[in-house]
Amino acid sequence: MSERRQLNNVVGWLGIFLQILLLTECAVTKKRFTVKDSKDLKKFPPVQFYRQKDHVVVDNGLVKVTVSVPGGTVTGIEYNGIPNLLETRNKETNRGYWDVVWKFPDHSAFVEKLEGTSFDVITEEDSGVELSFTITYDNSINSPQLPLNIDKRFILLRGHNGFYTYAIFERLEGWPALDVSQTRAVFKLEEKLFQYMAISDKRQRIMPTLEDRERGKTLAYPEAVLLTNPANHSLKVEVDDKYQYSSDVKDTRVHGWICTNPPTGFWMIIPSNEFRIGGPMKQELTSQAGATTISSFHTNHYAGEDMRQQFRDGEPWKKVYGPVFVYLNSVPESGDPDSLWEDAKQQMLQETENWPYDFPRSEDYLSADQRGSVSGRLIVRDTGKNQDLKNGSLAYVGLALPGNAGSWQMENKGYQFWTQADNNGNFSIENVLPGNYSLYAWVPGCIGDYKYDSYIIISPRTRITLDNVIYEPPRNGPTLWEIGIPDRTAIEFFVPDPSPRFTNPLYLAYEKFRQYGLWDRYSEIYPDHDLVFTVGDSNYETDWFYAQVNRNIGNHTYIPTTWQIAFDLQNIDESATYTLQLALASSTGAALQVRINDPNARNPIFNKGLIGKDNAIARHGIHGLYRLYSIEVSGSQLVRGRNSIFLTQSRNSFPWEGIMYDYIRLEGPPQDN
């Protein structure tokens with residue numbers, strides 16, 4: 001390990017320790033339940049709490065929630081005259097729960113539902129009730145045991161149509177090594193009632209049931225099923241796959257389900273992304289078949305095993321996940337069920353405005369007056385275009401644990417705070433937890449990642465204002481040609497229509513990349529030869545396939561592919577160095593080789609083996625993890641007139657091995673200013 005990498009690791013650990021220390025020092029004494037909206041709560045009945053044999057019940061007159069004791073799983077939600085919104089055919093432990101996927105290093109993984117072993121009433125007031133269900137690690141037990149202390153909380157407030165849940169995860173110093181690859185909260189609704197799912201304004205539809213999937217035909221992997229005999233015959237011969245309903249974190253603040261009789265909505269509202277991982281473009285599951293709604297806090301999805309939380313050498317750690325809000329709404333039977341989605345969006349905006357909340361009682365959850373902020377203006381200087389400064393319009397700017405530029409994509413233990421700059425590049429990051437951070441950014445329309453030179457140290461009530469922050473995107477010379485748009489996705493490239501045998505009607509005219517089996521469409525479009533793109537003649541919107549995948553030659557056999565970029569140069573400086581800027585939007589088990597003017601050259605000018613495992617191609621994404629390679633091209637390898645760059649993806653173990661390109665640019669030799 002290099003000295004620089006060792007230093008970065010030390011700085012990252014120090015950042016975590018400082019966060020824990022400051023969060024502890026900033027913890028306040030007992031809080032009282034308050035709300036930030038203008039409701040007249042006196043017209044609502046006080047919150048009631050009572051205990052049954054193996055359950056506790058909290059009831060605010062609008063919502064009644066039943067939770068198992070001491071496990072802390074939600075077994076019942078009564079609302080709008082429906083005795084239980086959750087699927088009563090399921091075991092009580094499989095209705096509303098938190099779970100993790102974890103393992104000891106070099107061992108098999110466990111999928112563990114977080115069943116508490118002790119229960120406590122944190123507060124019981126007319127204005128609200130907060131319950132705690134804890135799991136305590138006992139290192140004297142020899143059987144496999146998750147080495148974490150976990151405190152699961154549930155809050156029901158007076159006059160609120162729903163309840164909040166959050167959890168505090170903690171490791172103490174000296175505990176065993178641990179890998180965690182998933183942390184989430186899950187709710188499984190009554191399928192007979194909840195059949196209509198809504199994720200966004202355009203992504204809404206009637207969904208199949210689990211029984212429909214069981215009667216269907218499994219396709220290339222278990223998650224993808226062809227519906228052959230669904231109870232609702234209008235769904236016949238459609239493909240269902242939970243990954244078709246994934247979404248970027250930045251676009252996933254509310255999703256859920258609608259029951260039409262009586263008109264009732266069940267929504268997962270995520271008021272902040274500070275406790276999620278991987279930055280604003282990390283993709284996560286949302287809602288899916290089986291009337292299931294998920295709040296994903298940490299997963300490997302669309303990133304790969306490198307996103308696993310790895311705790312080694314007795315590393316201590318603490319993090320608060322949530323709170324998230326389970327929101328319920330309704331309209332009269334004569335009302336429009338579609339209005340439930342619009343109301344849920346408005347409630348999401350209200351919850352976001354109210355963040356951070358002032359009612360959670362855990363001392364590890366800090367309120368607004370215990371947080372700080374940082375603001376500034378991002379300016380871009382692209383030296384290859386001109387020396388003028390331009391605004392970092394709509395840049396994504398964020399704080400995350402210290403690391404290298406772009407390391408926030410894989411950061412998975414700390415908190416992240418992101419905002420999008422305005423058209424002038426102005427940004428303000430509010431409600432930041434105390435700690436030591438790096439300031440990161442990336443700008444749509446520019447390649448590369450930005451990192452501010454100094455650390456940002458946030459203390460309670462501090463407001464840091466930075467001078468103009470100047471980002472110089474990677475560039476070594478003027479642009480000779482370019483393909484695509486540098487936006488970290490492949491959305492601008494050609495996405496084919498799906499095979500008529502494998503369609504999801506929701507995506508026939510919108511986000512076609514979410515259709516199943518598009519990797520095999522490449523072989524149908526290019527059955528005998530690979531893609532050739534001619535600069536100046538070809539159009540990347542119609543002539544550049546969205547993913548470089550293997551070609552299917554039949555009998556479940558796939559072969560590598562080589563794409564060709566043909567371009568003309570009239571003037572060549574053989575003694576100079578040109579640069580190929582190659583930005584990837586995704587890579588799954590790929591090995592990329594780049595050759596100039598000879599596709600069979602023994603020694604490629606660039607040879608990168610096994611790039612990434614984000615699996616975005618199979619999981620219907622249009623991006624995974626972003627990577628940028630600046631490749632030197634000797635002028636002696638170029639010729640006057642027609643030239644070609646050959647891009648070979650050389651691995652062919654399975655169909656969806658491949659690469660999505662974000663943007664490709666050939667730069668001329670550096671020019672004197």
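Take helix α3 (residues 339-354): at 1.5 Å a residue, its 16 residues should span 22 Å, and the end C-alpha atoms sit 23 Å apart, which agrees. The expected span is 1.5 Å times one less than the number of residues, and helices (H or I, at least four residues) and strands (E, at least two) are DSSP runs numbered from the N terminus. This is a predicted model, so local features need pLDDT of at least 70 and side-chain atom pairs pLDDT 80 or more, while totals for chains, interfaces and linings use all residues. Numbering runs from 1 along each chain as its sequence is written, and side-chain values use heavy atoms, with hydrogens and water left out.

**Around α3**
- Leu340, Trp341, Ala344, Lys345, Gln347, Met348, Glu351 and Asn354 of α3 are buried (under 20% relative accessible area; exposed is over 50%, partly exposed in between; 1.4 Å probe, protein chains only).
- Their cover includes β10 (162-171), β18 (254-260) and β24 (317-330).

**Salt bridges**
- The whole structure has 36 salt bridges (a side-chain nitrogen of Lys or Arg within 4 Å of a carboxyl oxygen of Asp or Glu).
- Lys345 pairs with Asp201 at 2.8 Å, N to O.
- Lys345 is in α3 and Asp201 in the loop between β12 and β13, so this pair ties together parts 144 residues apart in sequence.
- Asp201 is exposed, at 52% relative accessible area.
- Arg475 and Asp382 form a salt bridge at 2.6 Å, N to O, linking loops 93 residues apart.
- Both Arg475 and Asp382 are buried.
- Shared partners join Lys103, Asp179, Glu305, Arg308 and Arg312 into one salt-bridge network.

Methods: Contact = heavy atoms within 4.5 Å.
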